[in-house]
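Open the model in your viewer and keep the selection panel handy. Each stop below says what to pick and what is there.

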Amino acid sequence: MQNNLFHKSLTDFLSIYLPQIRNASHNTISSYCDTFRLFLQYIRDEEGTAIDKVTLDNLNTDTVTRFLFWLEDERKSSVNTRNQRLACLQSFSKYLQGEYPAKLITLQNIVNMKHKKRIQSEVEYLTVDDIKRILSQPDVATPSGRRDLTILSVMYDTGA
């Protein structure tokens, strides 16, 4: 019976709650479907639970944590993708809180899971010498060269 609760809740979440109540876009719903496809694949292949046997008990912080590590380690997902998958599971957990108050603590623990901090790459800027070299390229003796210099100057001045 309890596995029917999980399956019914997931179906209702994806087919009623997101499109009708939250007015989520088709792309958002598709992304959520991908997340749950991967989550169910993980439960089946890594946790050894057949998809038709998945219950609300399979949705807990330990399983979600192992799923997130699996995404990064086995599927080579980026931190951004991992965080997006976690956000989907958190949204589903928030939805379930109102449906199954008996699972409130477990679901709240998933909602409160922290997103992994991503390392931002440093933006490299052009040096003053680089800018001088670029701006000296157009031939200002021709109309098209003056035009090109003007475009490059405006791009530089506006930060484009």
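**Stop one: the core**

Start with the largest nonpolar core, which has 31 residues. Select Phe13, Phe36, Leu59, Val64, Phe67, Phe92 and Leu96, the residues with the most contacts inside this core. A nonpolar core here is a set of buried Ala, Val, Leu, Ile, Met, Phe, Trp, Tyr and Cys residues joined through side-chain atoms within 4.5 Å. Buried means under 20% relative accessible area, with exposed over 50% and partly exposed in between (1.4 Å probe, protein chains only).

Now colour the elements that give two or more residues to this core: α1 (2–21), α2, α3 (61–73), α4 and α5 (104–111). The largest share, 8 residues, comes from α2. Helices are DSSP runs (H or I, at least four residues), numbered from the N terminus.

A note on the model: it is predicted, so local features need pLDDT of at least 70 and side-chain atom pairs count only at pLDDT 80 or more, while totals for chains, interfaces and linings use all residues. Residues are numbered from 1 along each chain as its sequence is written, and side-chain values use heavy atoms, leaving out hydrogens and water.

**Stop two: α2 and α4**

Select α2 (residues 26–45) and α4 (residues 79–99). Their axes come within 10 Å and cross at roughly 95°. Axes are lines fitted to C-alpha atoms, for helices over the stretch in contact, and angles run from 0 to 180 degrees between N-to-C directions. That makes α2 roughly perpendicular to α4 (65 to 115 degrees).

Show side chains next. Among the α2 residues that meet α4 are Tyr32, Phe36 and Phe39. The α4 side includes Arg85, Leu89 and Phe92. Contact means heavy atoms within 4.5 Å.

**Stop three: α4 and α5**

Zoom in on Leu89, Gln90, Ser93, Lys94, Leu96 and Gln97 in α4, which meet Leu104, Leu107, Gln108, Ile110 and Val111 in α5.

**Stop four: two residues**

Pick Val64. What does Val64 touch, not counting residues up to four places away in sequence? Look for Leu59, Leu86, Leu89, Ile110 and Met113.

Finish on Thr63, in helix α3. Is Thr63 buried or exposed? At 5% relative accessibility, Thr63 counts as buried. Leaving out residues up to four places away in sequence, Thr63 touches Phe39, Tyr42, Ile43, Glu47 and Asn58.

Key
Parallel < 35°, antiparallel > 145°, perpendicular 65-115°, else oblique.
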